[in-house]
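Open the model in your viewer and keep the selection panel at hand. The stops below say what to select next and what is there.

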Amino acid sequence: MLKIKNLHAKVGDNEILKGLNLDVKPGEIHAIMGPNGSGKSTLASVLAGREAYEVTDGVVDLDGTDLLELEASDRAREGVFLAFQYPIEIPGVSNLNFMKAAVNAKRDHNGQPPIKAKDFLAKVKECSSLVELDGRLRDRSVNEGFSGGEKKRNEIFQMAILEPKLCILDETDSGLDIDALRVVSKGVNAMRSPDRAFIVITHYQRLLDHIIPDFVHVLSNGKIVKSGGKELALELEAKGYDWIKEEQNA
Amino acid sequence: MKGTEEENLLSEVTEKNYEYGFTTEIDSDTIAPGLNESVIRTISSKKNEPDWLLKWRLEAFAAWSKMEEPDWAHVAYDKPDLQSISFYSAPKPKKVLASLDEVDPELLKTMEKLGISLEEQKKLSGVAVDFVMDSVSVATSFKETLGEIGVIFCSLGEAIKEHPELVKKYLGTVVPQRDNYYAALNSAVFTDGSFCYIPKGVRCPMELSTYFRINQAGTGQFERTLIVADEGSYVSYLEGCTAPQRDENQLHAAVVEIISHDEAEVKYSTVQNWYPGDKNGKGGVFNFVTKRGICHRASKISWTQVETGSAVTWKYPSCILKGDDSIGEFFSVAVTNNKQQADTGTKMIHLGKRTRSTIISKGISSGESQNSYRGLVQIHPGAENARNFSVCDSLLMTDKCGAHTFPYIEVKNPTAQIEHEATTSKIGEDQIFYCQQRGIEEEEAIGLIVKGYAKDVLNKLPMEFAVEAQKLLTISLEGSVG
């Protein structure tokens, strides 16, 4: 589904990704771990098409489409979803209107008419129960006055509404207490399907107790330096990242 | 403005008239440029006005002659040369075009985006339309309905003839002749405007709108509007139009007066989209307006405005809260783009006991524009337990624009409660990216964010206006991310 080859990207003069390769197939969950500053969040931003990041080399292919050629909004319509590490507040724009605009943008892209109010509300009801998002939060302005946990639940709610094919979760576990972590993970697990893939970026192994990955990759200094199964995460938890750096330097 | 440019403008206008074959009439019906007492006498006599009105105009002119153009507003412009303007010319026939193909395509594009129907597009851009009979009959049936319940809604000129006692009783009672430089000028030379009277206890069943007057009068350079809501009555009045209005008149100095009697309520909504000039700030309308209402006991006046046009705007719709328990409200969205300048806000003058006022002002600046909020909240000694709540927010779209807030608060009664909140923020790249990541394109994202920001004000507009005003905001800010 997603093929990343030799990806190089920089912010200003600072090269952050230095030849990253990754192959993700439908139905798979890939965890990306790594020390601070290794390029995890940069990878998420580059895939989503954030303008501040300049891709200097490499290929990113999503089901035959060259993602790097597309605007951020077109990537989203092609099915790329990024759950933000720090979700953004948009005062005065209701969560539901925001989602309706997003759903209809995608439908328009696919040559479909705007969604019927009844169908939209049914979808909203289904998805909000998935992450235990109560009506109060649905009707409020996007993320405005939400607690950290509520913002993250709202990200998963939006993901469920938009039914993307590639979900990128950028440190979704940061700032979550154990109950919120459980709710968020439940939502993600409910969305697992044979034709949807996930890239889960995280610093800690504890999220991977709830969302079981098929593959774990270690990102260090802009490259994937080690890949393995879910047991690699446990090893990292126990030993830290230094031994990988040493392996690299040896 | 330079004299030569004015002359060019003037000759252009005159030539246009010639083009359409009004030679002799125009010659006899246009007064030579400049302003003096005899010009005012001529205006008044051409309009067959009663003596009291001529006297009133002359008093205004005498006062104006001793005044200086104010320069305290946060705007910079070349003062219009009033001696080069002709203060009376016969109503200019609108150029009639054969089809929409002859209309400026930019104008059509904008109207299409606003969702204005094809028929209305024709009407607004001066294309001859087949259904004129229809629209006339619609207007007539409106008038009949209003007449049955005693509502008077007509041009001010007509009202001076048909209802002189009402006009005489109220004209200049809220904005006196010598109120300020431009109000005095307007009082001396106003040509026409609207008049509206709602009798005791009548709830006007429809929004009174300048919309369906568009063919009859158009908008004058020195327009004067007078609205009187008698005891216990209600009226909602809409002024302006979301469609872009091109106008050769560079200076607009209008006056609006509202009288809200005991327990009456007046809602006055404006959408102003005059020509703002080009991207480099060339051309565009100077909009120097005086709008004020007086509230008697337990009455209410709400001003709602969406201002996106004009090169320079200078406008402070105000309320004099004279009666006990009266309420004044001001809700404003002012958008400036490119080189536009706006200095706008309100005055809430609390005289009566338990008077309340609310001010919500949302400024949006883009391009290299300057957008200022200027407001006065004044609590007089007799205004026991008066309350005011003000919110003044500014949103910046670029690094080159400016937003300024000048709130004045004068409290002379210790029981008053005043709250003032102000924020300034820049539209976030983060917000735009967040929308884009959900599939919403940049332009739409900006529209969404700006509408959210202005929601508290847009919600106050009458339904049919609100939808168009939202689109107008988006269009006014097109291509303005920085």
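## Confidence in chain A

This is a predicted model. Start with chain A, where pLDDT averages 92 and 100% of the residues score at least 70.

Next, select strands β1, β2, β4 and β5 of chain A. These four strands form an open sheet, in the order β2-β1-β4-β5, with antiparallel pairing. Which strands are at the edges? They are β2 (14–24) and β5 (65–66) of chain A, each of which pairs on one side only.

To find one of the bridges, pick A:Leu2 in the viewer; its bridge partner in β4(A) is A:Leu62.

## Where the chains meet

Show chain B together with chain A. Their contact takes 20 residues from chain A and 15 residues from chain B. On the side of chain B that touches chain A, α11 (429–437) and α12 (442–458) of chain B each supply at least two residues. Which element gives the most to this side of chain B? It is α11(B), with six residues.

## A helix pair in chain B

For the last stop, select helices α3 (residues 37–46) and α4 (residues 51–65) of chain B. Their axes are 10 Å apart, and the helices pack at an angle of about 150 degrees. Angles over 145 degrees count as roughly antiparallel, so α3(B) and α4(B) are roughly antiparallel to each other. The crossing of α3(B) past α4(B) is right-handed.

Show the side chains where the two helices meet. From α3(B), select B:Glu37, B:Ile40, B:Arg41 and B:Ser44; in α4(B) they meet B:Leu53, B:Leu54, B:Arg57, B:Leu58 and B:Phe61. By class, the contact of α3(B) with α4(B) has five nonpolar residues, three charged and one polar.

How values were computed: Residues numbered from 1 in each chain as written. Chains lettered and ligands numbered in written order. Predicted model: local features only at pLDDT ≥ 70, side-chain atom pairs only at ≥ 80, totals over all residues. pLDDT = per-residue confidence, 0-100. Pairing = 2+ DSSP bridges. Contact = placed C-beta atoms within 7 Å. Axes fitted to C-alpha atoms, helices over the stretch in contact; angles between N-to-C directions. Parallel < 35°, antiparallel > 145°, perpendicular 65-115°, else oblique. Left-handed = near helix turned anticlockwise from the far one by under 90°. Nonpolar A, V, L, I, M, F, W, Y, C, P; charged D, E, K, R; others polar.
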